[in-house]
Amino acid sequence: MTKYIIKGGRPLHGEVEISGAKNAAVAIIPAAMLVDGVCRIENIPQISDVTMLLNILRRMGAQVRTVDRHTMDIDCSAVRHAKADFDIMTRIRASYYLIGALLGRFGEAVVAMPGGCNFGSVRPIDQHVKGFSAMGAQVEVKNGLVVASTPDGPLHGADIYLDVASVGATINIMLAAVFARGVTRIENVAREPHVVDVANFLNAMGADIRGAGTNVIKIRGGRRLTGGSYALIPDQIEAGTYMAAVAGAGGSLLIKNVIPKHMDCITGKLEEMGVTVEEGEDEILVSRTGPLRHINVKTYYYPGFPTDMQPQIATVLCLAQGTSIITEGVWDTRYKYVGELLKMGANVTVDGRKAIIQGVECLTGASVKAWDLRAGAAMVIAGLCAQGTTEIEGVDYIERGYVDLVGKLKKVGADIRSVDIPDEDEQEIKIG
Ligand code: EPU
């Protein structure tokens with residue numbers, strides 16, 4: 001087990017380089033299953049979710065070659081079956097993209113129900129299943145397995161209206177539709193940058209997908225995907241997390257390798273709080289010297305304020321003057337981390353989907369836990385802002401989605417270190 005120890009109260013100064021987008025990588029790696037040839041993927045983030053997905057592909061027979069630290073060649077042409085490794089699948093959410101990819105390629109898929117961050121509410125896949133079924137698949141969920149098949153012949157194009165603009169369902173249906181006969185039209189789709197990135201990747205490999213980034217995506221199925229090179233977009237949420245960190249801790253950070261347009265929803269809110277944000281072509285300079293103002297934030301589907309930035313912005317608002325209200329508009333609940341902030345002296349009340357934050361003078365270091373990936377990032381921000389020492393447990397979650405968070409923060413002046421602690425079993429053995 002690893003924990004982070006942060007001595008807070010130091011402003012951040014310098015430059016930080018943003019890595020490739022996690023939520024694009026975890027969809028594009030399974031999408032390589034549809035390609036008959038080598039896909040060279042550049043700007044791959046070195047995070048544990050990516051490692052796990054690459055291991056799933058390897059165990060299925062794919063060739064994965066590391067070209068350099070950020071570039072991989074993936075060749076799935078030798079994969080001969082549609083059953084993915086059960087153990088690894090249950091540990092990550094994005095393993096569900098293998099359902100669409102395997103169903104598209106083999107007409108069948110046997111995969112474990114996905115794991116991943118647990119916000120305290122069930123994470124359904126009914127919209128994925130609805131899309132696959134409309135294309136002629138039969139999907140059963142039993143004993144922790146998703147079993148999809150096409151007993152009545154190959155998948156065919158269909159008109160599908162999503163009840164919610166789900167990122168996962170949009171991408172998964174797109175993957176299955178790439179080899180379906182005819183045209184698939186998906187309405188009320190997610191418009192997140194990583195959805196567009198997956199469509200661009202598939203098109204670069206030879207697919208015919210139009211409309212990604214709008215409300216309707218059309219896929220003309222049946223084209224052979226033959227391979228090629230593709231560079232992932234930078235991670236919007238990683239960039240947003242550093243923006244929030246400097247907003248909270250103070251100082252000035254040049255955040256490099258970003259697409260400023262993707263950051264608009266976050267930039268706007270930080271500016272309302274009194275933070276200065278200057279945009280360059282592929283970088284943004286974020287500075288905060290004065291006090292923070294209270295604001296209200298409602299998370300929503302892109303281009304709304306991302307739910308994956310909700311814990312981080314809430315943490316910064318704990319130090320803003322006055323009362324701020326956060327409304328979670330995507331998940332039923334995502335406030336498990338609030339209990340940890342309370343240990344640090346924050347004043348937050350949760351009422352259903354709302355969190356009411358009364359700003360306090362300062363946070364105080366404490367021993368806290370990362371309940372999930374973004375909650376963990378929020379704890380790091382809290383630790384950077386707090387007086388005294390904060391110890392964060394459960395950082396495996398953080399390392400699933402952030403490339404070298406500790407190293408990147410150290411470089412910009414944070415006093416943060418990662419220490420290995422023996423787990424309880426090991427300790428007992430040693431004591432015994
Ligand atoms: N939903 C349904 N039915 C479905 C699918 C989703 O009702 O079949 C609902 C969910 O319950 C939720 C909403 O639709 O209320 C949005 O869920 P979505 O499917 O968009 O979420 P996801 O695909 O499971 C991805 C990201 C999450 C991010 C959400 C929302 C990946 C691997 N995960 O999850 O990212 O919170 O979209 O933007 O792309 C994170 O990176 O920390 C993270 C959790």
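**Ground rules.** I keep in mind that this model is predicted, with pLDDT of at least 70 needed for local features and 80 or more for side-chain atom pairs, while totals for chains, interfaces and linings use all residues. Residues are numbered from 1 along each chain as its sequence is written, and side-chain values use heavy atoms, with hydrogens and water left out.

**Entry 1: the shell.** I looked up who surrounds the ligand and found 24 residues, with Tyr-96, Gln-127, Ser-166, Asp-308 and Val-330 as the closest (a residue counts if one of its heavy atoms lies within 4 Å). I sorted the shell by class and got 11 nonpolar, six polar and seven charged residues; Tyr, Trp, Cys and Pro are among those counted as nonpolar, and Gly goes with the polar ones.

**Entry 2: polar contacts.** I then checked N or O pairs within 3.5 Å. Arg-374 has a side-chain N or O atom 2.8 Å from a ligand oxygen. For Lys-22 I noted 3.0 Å between a polar side-chain atom and an oxygen of the ligand, and for Trp-331 the corresponding value is 3.2 Å. The ligand taken alone exposes 820 Å², of which the protein buries 92% (Shrake-Rupley areas, 1.4 Å probe).

**Entry 3: what builds the site.** Two or more shell residues come from each of α1 (22-31), α5 (126-134), α6 (167-177) and α12 (373-385); helices here are DSSP runs of H or I with at least four residues, and strands are E runs of at least two. Domain 1 (2-19 + 234-426) and domain 2 (22-231) each supply at least three shell residues, with bounds from an automatic or database assignment.

Entry 4: Most residues other than glycine have a negative phi, and most peptide bonds are trans. I found a cis peptide bond between Tyr-302 and Pro-303, with omega about 10°; Pro-303 is in the loop between β17 (296-298) and α10 (310-317). Asn-43 has a positive phi of about 65° and lies between β3 (38-42) and α2 (48-59), in a loop. Asn-143 has a positive phi near 50°, in the loop linking β7 (138-142) and β8 (145-149).

Terms used:
Polar contact = N/O pair within 3.5 Å; in protein donor to acceptor, adjacent residues only side chain to side chain.
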